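Biologist: Could you take me through this structure? I would like to begin with the strands and then move on to other parts.

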Amino acid sequence: MRIGGIDAMQADAASGTEKEDPTGHGTGTGHGSEAEHDPETGHGTKPSTNTPTIHISNLTVRHRRSIALDGIDLDLAPGVHGLLGPNGAGKTSLIRVLATVSRPTAGRVMLLGREVSGHRELTAVRRRIGYLPQDFGFYPGFTVREFVAYVAWLKEVPGERAGAAVERAVARVGLADRIDAKMKTLSGGMVRRAGIAQAIVNDPEILLLDEPTNGLDPEQRVEFRALLRELGTSGTVVVSTHLVEDVAVACTGVTLLEGGRVVYRGTPESLAGEGAADGTDDGAGDLGGSPAERGYTAVLRAHRAATSTPPGARR
Ligand SMILES: Nc1ncnc2c1ncn2[C@@H]1O[C@H](COP(=O)(O)OP(=O)(O)OP(=O)(O)O)[C@@H](O)[C@H]1O
């Protein structure tokens, strides 16, 4: 059986990162191992709203000779956190470490109060995480229902709840009418929505979405923003995107990466304020840039001026 997206996974394997199953989740989700969930909710104990569910200190990720993440510190609590930054900033590298599919070169990562190092911690935490990779594989002959059910099984959603959980996740991404269609018959945007459905099927406490709105039409993007907000009320959502407007509308917090470092943290409102405070005429206004997009540009320019980094400089 051909598996879509297999090339990307082989490239990851060649780069020395952990082997993944076709959906892009790490192997060893611990299916069949001792469950540590709350029997009522299927979750572990939920952290209080202000407790960081993600704690990162001095995180470094190196890919051969390039440094993707350069000793970053980050604490994220429940809410929706937009991860912005130019191409190569390190967004995907960060999300992959948080999803436990690639290992840091150095530093400390704590997810849901657990240090993610040994196999036991990995299997326990993976059940409570949802992950949409930038490119994910799937069996083209699977229906949407089978694809999402497969991930529900990997995540150890109890059998008696799995069927309803799959239908709910698929409905939440607006694919209910295609639930029994084969994956290979879906459009690119629909495949992306099926990918989001598999990421939320276990009602994750940490949800990691790498460019989730890629390929979605404008109507779906608007609906997806509403879903993001809803998901952020019960968990910690990290969304990597180039669409600053998605962050402005749907996120409670913004983290901007450049060159593997955190160069800005704030709210969508404070980011928009950076654009107004900048005062330089960059032409973005003439071209219809929104306040948040002008803020994004202003922060990057200020950072580059301070560090004398030319735009697009390679590390
Ligand atoms: N498998 C790999 N092998 C070698 N270098 C890599 C690999 N993956 C990422 N890199 C490098 O690490 C850096 C960060 O890449 P990453 O994909 O994390 O950035 P990004 O912010 O997600 O970029 P984009 O917005 O283009 O998706 C880049 O310099 C990239 O070339």
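Modeller: Leu83 stands opposite Thr255 in strand S9. S3 and S9 (residues 253-258) pair in the parallel sense over 4 bridges. Two strands count as paired if DSSP finds at least two bridges between them. Helices (H or I, at least four residues) and strands (E, at least two) are DSSP runs, numbered from the N terminus.

Biologist: Before we go on, what kind of model is this, and how are residues numbered?

Modeller: This is a predicted model, in which local features need pLDDT of at least 70 and side-chain atom pairs count only at pLDDT 80 or more, while totals for chains, interfaces and linings use all residues. Residues are numbered from 1 along each chain as its sequence is written.

Biologist: Which strand does S3 join through 5 bridges?

Modeller: That strand is S8 (residues 236-240), and S3 and S8 run parallel. Val80 has Val237 as its bridge partner in S8.

Biologist: How many residues of S3 are buried?

Modeller: For S3 (residues 79-84) the count is 5 of the 6 residues, so the strand is largely enclosed by the rest of the structure. A residue is buried if 20 or more other C-beta atoms lie within 10 Å of its own, exposed if 12 or fewer, and partly exposed in between, with C-beta atoms placed from the backbone.

Biologist: In what order do the strands of that sheet come?

Modeller: The order is S6-S7-S8-S3-S9-S10, an open sheet of 6 strands with mixed pairing. S6 and S10 (261-266) stand at the edges with a single partner strand each, so one side of each has no neighbour in the sheet. From one strand to the next, the twist averages 15°.

Biologist: And which strand is joined to S6 by 4 bridges?

Modeller: It is S7, and the two run parallel. Gly130 stands opposite Leu207 in S7.

Biologist: Which helix lies across S6 and S7?

Modeller: Helix H6 does, running at about 165° to S6. Here axes are lines fitted to C-alpha atoms, for helices over the stretch in contact, and angles run from 0 to 180 degrees between N-to-C directions.

Biologist: What span should H6 have, and what does the model give?

Modeller: At 1.5 Å a residue, the 13 residues of H6 (residues 188-200) should span 18 Å, and the end C-alpha atoms are 19 Å apart, which agrees. The expected span is 1.5 Å times one less than the number of residues in the helix.

Biologist: Is H6 mostly covered or mostly uncovered?

Modeller: H6 is mostly covered, with 11 of its 13 residues buried. What covers those buried residues includes strand S6 (129-132), helix H4 (144-154), helix H5 (159-172), strand S7 (206-210) and helix H7 (218-232). Residues are in contact if their C-beta atoms, placed from the backbone, lie within 7 Å.

Biologist: Let us pick one residue there. What is in contact with Ile196, beyond its neighbours within four places in sequence?

Modeller: Leaving those neighbours aside, Ile196 is in contact with Leu132, Val173 and Pro212. Ile196 lies in H6 and is buried, with 27 other C-beta atoms within 10 Å. Ile196 and Gly130 are 66 residues apart in sequence and 8.9 Å apart in space, C-alpha to C-alpha.

Biologist: Which residues have the most contacts inside the largest nonpolar core?

Modeller: They are Val148, Ala197, Val201 and Leu208, in a core of 80 residues. A nonpolar core is a set of buried Ala, Val, Leu, Ile, Met, Phe, Trp, Tyr and Cys residues joined through C-beta atoms within 7 Å. Leaving aside neighbours within four places in sequence, the contacts of Val201 include Val148, Val151 and Ala165.

Biologist: Changing topic, which residues are closest to the ligand?

Modeller: The closest are His63, Ala68, Asn87, Thr92 and Ser93, among 14 residues that surround the ligand. The criterion is a C-beta atom, placed from the backbone, within 6 Å of the molecule. Helix H2 (91-98) and strand S2 (66-76) each supply at least two residues of the shell, and H2 gives the most, with 3 residues.

Biologist: How many residues of H2 are buried?

Modeller: In H2, 7 of the 8 residues are buried, including Lys91, Ser93 and Arg96. Thr100 follows H2 and has a positive phi, near 65°.

Biologist: Finally, which strands form a hairpin?

Modeller: S4 and S5 do, with 2 residues between them, and Leu112 in the turn has a positive phi of about 50°. S4 also pairs with S1 (residues 54-63) in the antiparallel sense over 5 bridges.

Definitions and conventions. Contact = placed C-beta atoms within 7 Å.
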